[in-house]
Amino acid sequence: MAKTYDFLFKLLLIGDSGVGKTCILVRFSEDAFNSTFISTIGIDFKIRTVDIEGKKIKLQIWDTAGQERFRTITTAYYRGAMGIMLVYDVTNEKSFDNIRNWIRNIEENAAADVEKMILGNKCDLEESRVVSRERGQLLAEEHQVKFMETSAKSGQNVETAFLNLAKDIKNKMDRRNPGDDMGTSQSNVHVTAGDSSGSGGGCAC
Amino acid sequence: MAHLPDDDLPSSFDIVIVGTGLIQSIVAAAAARAGKTVLHLDNNSYYGGCWATLMYNDLQRWIEVHSKEVTDEDESTVVTQLNEDEVSVKCNLSLSDKVTNLIEINHSEEEEEEDKGENKTDEEALVESVPINEEPTSNDAPDMPINNEPIESKVKVTWNNLGNQKKRFNFDLIPKLLYCRGEMVDIIVQSGVSRYLEFKSLPKLYCSNANHEIIQVPCSRADVFTSSIVSMLEKRKLMKVLTFCAEYEKHETDYQEYIGHPFTEFLQSRDLTDNIIQFILHSIAMVDESETTLNGLKATQMFLHSLGRFGNAPFLYPLFGNGELPQGFCRLCAVFGGVYCLKRSIRELIVSSDNKQLIGVVCTTGQRIQCSSFVGPAGMLSSGSVSSQRISRAIFITDGQIDGMDEKISLLTIPPASDDSPASRVSVLQLDSSTLTSTEGTNMIHATCKSFGSSAKEDLEFIVQRFFSTCTTPSDNKPRLLWSLYYNLSLSSCSHSTETDSSRDVKSDLPPNVLMVSDPDDTISYEACIHEAKKVFECLYPDEPFLPRMPDSEDIIYGEEETASSDQLAGETEEETSANQKNDEEDQHNDEKDQEFDEKVEDTSTKQNPEQNDSI
């Protein structure tokens with residue numbers, strides 16, 4: 001069976017509950033928004049294939065499944081992640097403060113070289129904003145990651161943010177093994193492979 | 001680190017489950033999948049309980065907690081307000097007596113001592129002056145000096161100079177393996193949990209003979225015939241008995257009279273030499289001498305059927321360790337709405353005094369939660385029928401593989417010896433860095449057995465002398481031991497019975513809607529655990545299917561994956577999209593899953609589950 005993509009990137013969404021992670025995910029993967037959408041039931045990950053510099057890149061974006069609510073994200077969630085979107089809500093100070101905790105969590109559990117990006121979501125709610133753009137920018141600079149303000153409701157910057165993150169991952173990969181097709185996990189066994197890497201033939205024969 | 005303004009949990013659930021051990025996690029996932037509202041708590045800060053795989057920092061904390069003298073915790077004086085028709089049952093929160101005889105040894109300290117005390121050879125002096133690893137220094141060890149000069153292979157890795165790399169070790173508290181054709185593989189495929197996991201296969205198994213030599217276990221027909229450990233005559237007999245075991249059900253008359261007797265008796269009746277009997281018993285069936293014939297045959301059959309599904313290997317080992325399994329089921333539960341909270345447990349059950357039914361629980365935070373069922377770990381309540389067994393564990397980190405175990409990831413079984421150590425079968429699991437449980441250049445070696453001596457160290461220390469090089473017994477062809485940990489675990493198991501009468505008899509003191517589950521057993525596999533999880537689920541929800549397959553591929557319009565692209569969906573109204581959201585999502589999964597499953601697995605597999613074939 002011919003592969004329909006050149007690379008597969010596993011991306012994660014992280015941040016406090018209610019900051020709009022699932023909405024961002026649904027906006028990006030389906031270009032839809034529903035404000036009454038409350039919890040994250042039934043969403044494991046979503047897929048969207050994008051085109052970057054002539055390569056078809058399949059983005060597999062994982063949602064927290066609500067396990068962030070009491071800070072109980074499994075360490076397994078971070079396995080194999082190549083990029084992480086750290087999301088806070090510009091109308092919620094606490095969610096912004098917690099970004100530091102989430103970064104610490106990522107440092108403990110994710111690969112050291114994972115690409116990160118901070119998103120200040122709900123930027124359409126200008127009247128109830130409590131975190132200024134500048135503060136978001138400063139926090140991102142402090143951790144040397146990219147920053148963007150998004151609105152899952154209007155769709156503002158959502159697409160751009162994911163494309164940027166994907167581009168950074170691809171650039172990093174190109175630098176590491178030029179011309180190589182994802183040098184990871186050649187001999188791992190997937191007993192089913194929704195999460196398979198693009199390397200193909202992962203079966204232990 | 002409570003960051004929510006309100007740290008309270010929702011106040012009502014269909015089921016509350018305490019402990020994120022594997023059995024509880026499977027039950028939690030199955031309940032959520034069946035549409036029940038699930039609250040899943042764990043007193044620890046990590047997932048998995050006894051089934052956990054701990055990172056180095058968590059392991060240090062674990063060691064600290066379990067090394068403390070068990071002190072009687074001051075009985076909480078908090079009184080829960082109860083209604084007149086309610087009784088409260090206190091739960092046992094301190095389970096710290098489960099782990100005993102903990103000994104951690106950092107062997108680099110011994111070496112340094114040695115180096116200082118005696119005249120150094122030139123070699124050792126060189127080593128001391130350049131305290132870095134063999135590996136090129138990576139980002140993970142920024143504290144280490146970078147030295148560009150090639151230092152040949154003289155540089156000794158020691159536990160101390162591993163530095164920051166230590167955090168990349170993942171320690172299984174109880175190591176286990178999945179039979180390639182075992183129920184665990186079926187359940188994770190069927191439930192979709194396999195999306196969260198990757199595995200390494202164990203293509204070779206080893207056993208140790210009476211002379212302490214390590215021999216490769218012949219698994220396949222080809223192995224049997226090329227093997228040098230069995231004589232020509234034995235080969236034919238071995239082949240014959242293995243062929244018989246592979247489809248023993250077809251020859252019922254041949255084993256009928258041994259059904260209630262030990263498997264050894266049956267094997268003896270097949271005119272086999274002691275050599276072969278030992279070998280089938282301990283390295284293939286991996287059962288005790290006293291195991292019944294039927295169970296022995298089943299175990300042998302499971303082993304033989306597992307060969308060839310994912311290459312010529314009977315077992316799989318999960319990347320990052322066994323702790324990924326409970327976490328995978330917990331995620332599945334969360335995806336279907338389960339609520340998770342760690343560092344929290346319950347302190348009391350509330351039982352109605354009228355009908356003796358559980359009506360709710362009280363959290364350690366004092367919050368009262370209404371629920372119609374409760375599942376907790378054996379030993380949490382002082383009642384119930386619980387038996388307990390002690391196992392001995394050792395974890396070794398070495399700078400190389402065991403001599404004779406050429407395969408990087410492999411299992412060695414050491415049969416019990418009558419006159420020598422060990423007195424019960426020891427499983428030795430060797431893992432290299434490709435399993436992501438150890439770092440490049442080191443091996444993690446797990447040893448497990450039923451306790452026979454007074455402590456784990458006493459039971460398993462013979463492994464050090466036999467296989468490793470240490471300061472006291474240096475050896476050139478053995479790997480150097482860098483670090484070791486010994487502990488005994490006391491594992492509880494409870495008996496479940498689906499026949500309502502007998503189960504009520506057994507634990508008449510527990511409300512009928514309160515169920516206890518066992519700790520891991522002492523076998524290398526997951527079969528008993530799946531069995532128990534199914535039974536518990538059946539007791540709770542007899543009419544619900546157990547972890548049914550994710551919606552089938554028949555529901556998928558082919559090429560669905562393409563519709564995920566924004567332009568095609570953009571035409572739909574928002575309402576339609578949100579209504580279809582969940583289905584689309586599941587369809588995508590399955591579409592993907594099926595395609596890739598077919599690609600990756602089918603070619604090595606001759607027998608597929610019928611449902612999986614339907615999708616083609």
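## Salt bridges across the structure

A search of the whole structure, which is a predicted model, finds 32 salt bridges over all chains, a salt bridge being a side-chain nitrogen of Lys or Arg within 4 Å of a carboxyl oxygen of Asp or Glu. One of them is formed by Asp44(A) and Arg331(B), whose closest N and O atoms are 2.8 Å apart. Asp44(A) lies in the loop between helix 1 and strand 2 (45-52) of chain A and Arg331(B) in helix 12 (residues 324-335) of chain B, so the pair joins two chains; helices (H or I, at least four residues) and strands (E, at least two) are DSSP runs, numbered from the N terminus. Both Asp44(A) and Arg331(B) are buried, where buried means under 20% relative accessible area, exposed over 50% and partly exposed in between (1.4 Å probe, protein chains only).

Within chain A, the side chains of Arg48(A) and Glu159(A) meet in a salt bridge at 2.8 Å, N to O. Because Arg48(A) lies in strand 2 of chain A and Glu159(A) in helix 4 (residues 158-176) of chain A, the pair ties together parts that are 111 residues apart in sequence. Arg48(A) counts as buried at 7% relative accessibility, whereas Glu159(A), at 35%, counts as partly exposed.

## A network in chain B

Lys450(B) and Asp522(B) also meet through their side chains in a salt bridge, at 3.3 Å from N to O. Lys450(B) lies in strand 19 (residues 443-450) of chain B and Asp522(B) in the loop between strand 21 (514-517) and helix 16 (527-540) of chain B, so parts that are 72 residues apart in sequence are tied together by the pair. Lys450(B) is partly exposed, with a relative accessible area of 25%, and Asp522(B) is partly exposed at 29%. Salt bridges that share partners join Asp288(B), Arg425(B), Lys450(B) and Asp522(B) into one network.

## The sheet of chain A

In chain A, 6 strands form an open sheet in the order 2-3-1-4-5-6, with mixed pairing; two strands pair if DSSP finds at least two bridges between them. Strand 2 and strand 6 (146-149) of chain A stand at the edges, each with a single partner strand, so one side of each is left without a neighbour in the sheet. Strand 5 (residues 115-121) of chain A and strand 6 of chain A pair in the parallel sense over 4 bridges, and Gly120(A) stands opposite Glu149(A) in strand 6 of chain A.

Helix 1 of chain A packs on the sheet, touching strand 1 (7-14), strand 2, strand 3 (55-62), strand 4 (83-89) and strand 5 of chain A, with contact meaning heavy atoms within 4.5 Å. Ser29(A) is found in this helix 1 (residues 21-30) and is buried, with a relative accessible area of 2%.

## Confidence and conventions

The mean pLDDT of chain B is 80, and 76% of its residues reach 70 or more, pLDDT being the predictor's confidence in each residue, from 0 to 100. Over residues 119-153 of chain B pLDDT stays under 50, and the model has 46 contacts beyond four places in sequence for that stretch.

Residues are numbered from 1 along each chain as its sequence is written, while chains are lettered from A and ligands numbered from 1 in the order in which they are written. In this predicted model local features need pLDDT of at least 70, side-chain atom pairs count only at pLDDT 80 or more, and totals for chains, interfaces and linings use all residues, while side-chain values use heavy atoms, with hydrogens and water left out.

Terms used: Axes fitted to C-alpha atoms, helices over the stretch in contact; angles between N-to-C directions.
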